[in-house]
Amino acid sequence: MPADSNAAPSATIQHATVSPPDTALHWLEDTPAAATGVTWGVPWARGTLAAGTPIALRTAGGSPEPVQTWVTATWPDGSVKWTAHAAAPAAPTDAYALEAGTEPSRPARAVSVTETGEDVLVDTGAIRIRVPRTGAHLIAEIETDGRVVASAGRLVSLLAAGPDDDSPQPRTPFSSRVRMVTVEQSGPLRAVLRIDGVHGSDGTDGTDGGAREWLPFTVRLYAYAGSPTVRLMHSFVWDGDADRDFLAGLGVRFEVPLREQPHDRHVRLAGSAGGFLTEAVRGITGLRRDPGSEVRAAQVAGRPTPPTADWAPAVAQRLHWVPTWNDWTLHQGSPDGYTVRKRTADGVGWVGIGGGTRAGGYAYLGDTSGGLELGLRDFWKGAPTQIDVRGATTDVGELTVWLWSPESRAMDLRFFHDGLGQDGYADQLDALEITYEDYEPGFGDANGIARTHELSLTAVAGTPSSAVLATRAAALATPPLLVTDPDRLHAAGVFGDWDPVDRSTPARAAIEDRNDFLLAFYLDQVEQRRWYGFWDYGDVMHTYDADRHTWRYDVGGYAWDNSELSPDLWFWLSFLRSGRADLFRLAEAMTRHTGEVDVYHAGAFAGLGTRHNVRHWGCSAKQLRISNPAYRRFYYYLTADERVGDLLDELASSERALLGVDATRKVRSDVYSPDPAALSVGLGTDWGALAATWLTRWERHADTTARDKLLGTMADIGALANGFLTGEARLDLSTGRFDTSRERLAVSHLSAVFGLVEVCSELIDLADVPGFERAWLQYCRLYLADAATQEAELGQTLTGISLIQAHSRLTAYAAHRTDDAELAAFAWRRFFVDSGDMVNRNALQRVPDWSRSRIDGPEVAEPVDEAPFVSTNDASQFGLAAIQNLALIGNHLEGTNPA
């Protein structure tokens, strides 16, 4: 039973009494070239910012800039922990500052949201958007300069009758069916609408019981004051049957009214180097007869051409002989190549235009009186993708951006082998010994995984120049973001034990060099190994195969990493301490991927993630350690991204997912069946993930249920006879408390390497639960202790000890908290000296300089760099141990003798 049947212990209470200094801000990358809407987050030290304190924004030159502010997290004392801010500067400057305690200026014209029974109307001052509450359309109309330039915005999809093994299969069209529209923000600078629905087969109204509906989606629409651009965040959950459902196309489509003559209608398609294919529906350049230089120049620029009466008669009288082009298709079949073609009408042949490498994924369809720009972020990285223009010769054209290209093979999510006869646990465990794959029939199912894509649309009153289009395409590819520097982030005391990069001594610089080597290696491997694709982009591989000079993409559990041993934490902490944009973008892509594809959002495994595998969802180990919100919190707080907020909220009661799947079912020696009154919870990977879940809900939503579960189980761990060394406790779901009567000793080398170290550090600083701190310090002291010390304190030695370098940061934590110089020196020795499972094994003795080798020629398909001594497990844990050891016991580094 719980140690105390009373309420959970309370957190330390403090009050905001200190006025925080101004917070300097700068752009993550280059200063935007044009007006932009931007949303970002800033942390505040505990007790420094009281709820309700106004915050203003000014430029570095002191000019006020309107800003919209809201709170995304609070400290236990009620003071503000994280704020989010939105601005829409008409002329972005290089730097800004937030001023707490100063009233913000108001925009000259705010974005407005008007709700009616049928629609939600958004007006930015530059465009007006009408969003129906139900029906087939996400957006009914977009209007600018008093004219509708786009309408009937909807999702479209194609379902193939079978896999395209030998030939393409028949396809059934589906389109969006909106079920609900929610206004999440209504200005003054930022408006957010959430649109929820499903895909329904065309020709139905979505209510016919015989019509199929699937692929539930959420689309968020972001609009900023004064901006003609709307950001769309599209997320869907795969709820199909992989054996019979083959998605053959998934896209976003708009209709575009076309009012002008064909020679004043224009198509623009982004190429691979920031430029655009410039096409007119009826081209008047390159003809045998010249209409006149003014006419030609106007068409190329997208301006209205002079009246045909002013053209050279030899052209004006023969325009009916010049073909008009109706359709264009840009197909990005792989990350390395796209092709473009066009045709004049259905039933005639296509004309190839050529192609290139990596298209920008941005297009325009319209005429000289207005049109629509539509783009997809990470277009080539998520290949196969496609852009279609249809009906350009008619009164209403169509512009479609395909997230999954219908010209590629239909999406096939079936498992990659037939089970190989692994019918029982004995066979599955034996197979694990050879391919490291934890297979089990029925568990390698994609049903319930998700994917998010980011798009932008811009409504314009005339055909934009290529330079303007290039600017907006670049803003979609790398969305502008304001950030503060590492020192300011560190001063807020968020995200555990880390310090800004410090190269002030040779020993520190050597460790930083090693970490930078590994970070650069992974940044380059993403490109060299083409870790791209619809379901793959954002992940990295687990282990290298030096014999084949490739990562083990086809060997069971050695393939996609799926957050194994926390590369997510490594990349995010490396960004926090350096401020490097390349690390932010790598961590951002990983957050998008691992939070969506590697985690189940519906179905039997909802709330759990999947261990590493050839297929991201292939392993039968469905565990909380992968759905762990500790990997997603960074991105949410730094960007206030609502979709990642959804992912965090999904896990509110993720402990209940353990009722359906016992992660250790194949290796248990005891008799156990999941019981809501005595649910087995590992005190490492399970509780660490739950603690991060409850902490996040508490600080985001002031959720007292989450708070009580967090503080209560912390007290219970402290009350266990062996604390964290108990290994596993039984949770009563009705009370949210552990049974503290269990006495056992069990240690797993994995317990602390999935975010437990980081969350325990945060919790000990956050809440006063003495027994918990004692239990954690005991674990930190004893895991790497010598046998005599373990036996003296526990009555026996601990078995299963490994990942020595990774666990050196636990010893470092204990040394820091107890101010024990001898223990600190021991921690550094454990970090440096080879113990057989570390990325720098024998590095100090034999390989003083890490290096890569260039592999080319007949041994590899494409030239690559390799570092065979690097695996993602060891690299991630080296990085985390280096970062945390430097923060905790860096002052003991210089006197350490690694030998």
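# Close-up views of a predicted model

**View 1. The largest pocket and its lining.** Lining the largest pocket are 49 residues, and those nearest its centre are Arg 625, Thr 664, Val 667, Ser 748 and Leu 750. Please keep in mind, here and in every view below, that this is a predicted model. The largest pocket holds about 1,500 Å³ of space. Strand E33 gives the most, with three residues. Sorted by class, the lining of this pocket has 17 nonpolar, 16 polar and 16 charged residues.

**View 2. Helix H11 packed with helix H12.** A pair of packed helices is described by the angle between the two axes and the distance between them. For H11 (residues 642-650) and H12 (residues 685-701), the angle is about 125 degrees and the axes are 9 Å apart. H11 is therefore oblique to H12. The crossing of H11 past H12 is left-handed. On the H11 side, the contact is made by Gly 645, Leu 648 and Asp 649, while H12 brings Thr 696, Arg 697, Arg 700 and His 701. By class, this contact of H11 with H12 has one nonpolar, three polar and three charged residues.

**View 3. Helix H6 packed with helix H7.** This view turns to H6 (residues 506-528) and H7 (residues 567-578), which pack at an angle of about 120 degrees with their axes 12 Å apart. H6 and H7 are therefore oblique to each other. H6 passes H7 in a crossing that is left-handed. Which residues make the contact? From H6 come Glu 512, Asn 515, Leu 518, Leu 519 and Tyr 522, and from H7 come Trp 570, Phe 571, Ser 574 and Arg 577. The contact of H6 with H7 is made up of five nonpolar, two polar and two charged residues.

**View 4. Helix H15 packed with helix H16.** The axes of H15 (residues 770-782) and H16 (residues 787-794) lie 10 Å apart, at an angle of about 150 degrees. To follow the contact, look for Gln 778, Arg 781 and Leu 782 in H15, which meet Thr 789, Gln 790, Glu 793 and Leu 794 in H16. By class, the contact of H15 with H16 has two nonpolar, three polar and two charged residues.

View 5. Most peptide bonds are trans, and most residues other than glycine have a negative phi. The peptide bond from Gly 187 to Pro 188 is cis, and its omega is near 15 degrees. You can find Pro 188 in the loop between strand E13 (171-186) and strand E14 (190-201). Another cis peptide bond runs from Ala 383 to Pro 384, with omega near 15 degrees. Pro 384 sits in the loop between strand E24 (370-376) and strand E25 (385-390). Where is Phe 495? Its place is in the loop between helix H5 (486-491) and H6. Although Phe 495 is not a glycine, it has a positive phi of about 70 degrees.

Methods. Residues numbered from 1 in each chain as written. Predicted model: local features only at pLDDT ≥ 70, side-chain atom pairs only at ≥ 80, totals over all residues. Heavy atoms only, no water. Axes fitted to C-alpha atoms, helices over the stretch in contact; angles between N-to-C directions. Helix = DSSP H or I, 4+ residues; strand = E, 2+ residues; numbered from the N terminus. Parallel < 35°, antiparallel > 145°, perpendicular 65-115°, else oblique. Left-handed = near helix turned anticlockwise from the far one by under 90°. Contact = heavy atoms within 4.5 Å. Nonpolar A, V, L, I, M, F, W, Y, C, P; charged D, E, K, R; others polar. 1 Å grid on protein atoms, 1.4 Å probe; cavity = no way out; pocket = protein on both sides within 12 Å on 5 of 7 lines; lining within 4 Å. Points joined across faces, edges and corners; volume = space filled by probe spheres on them.
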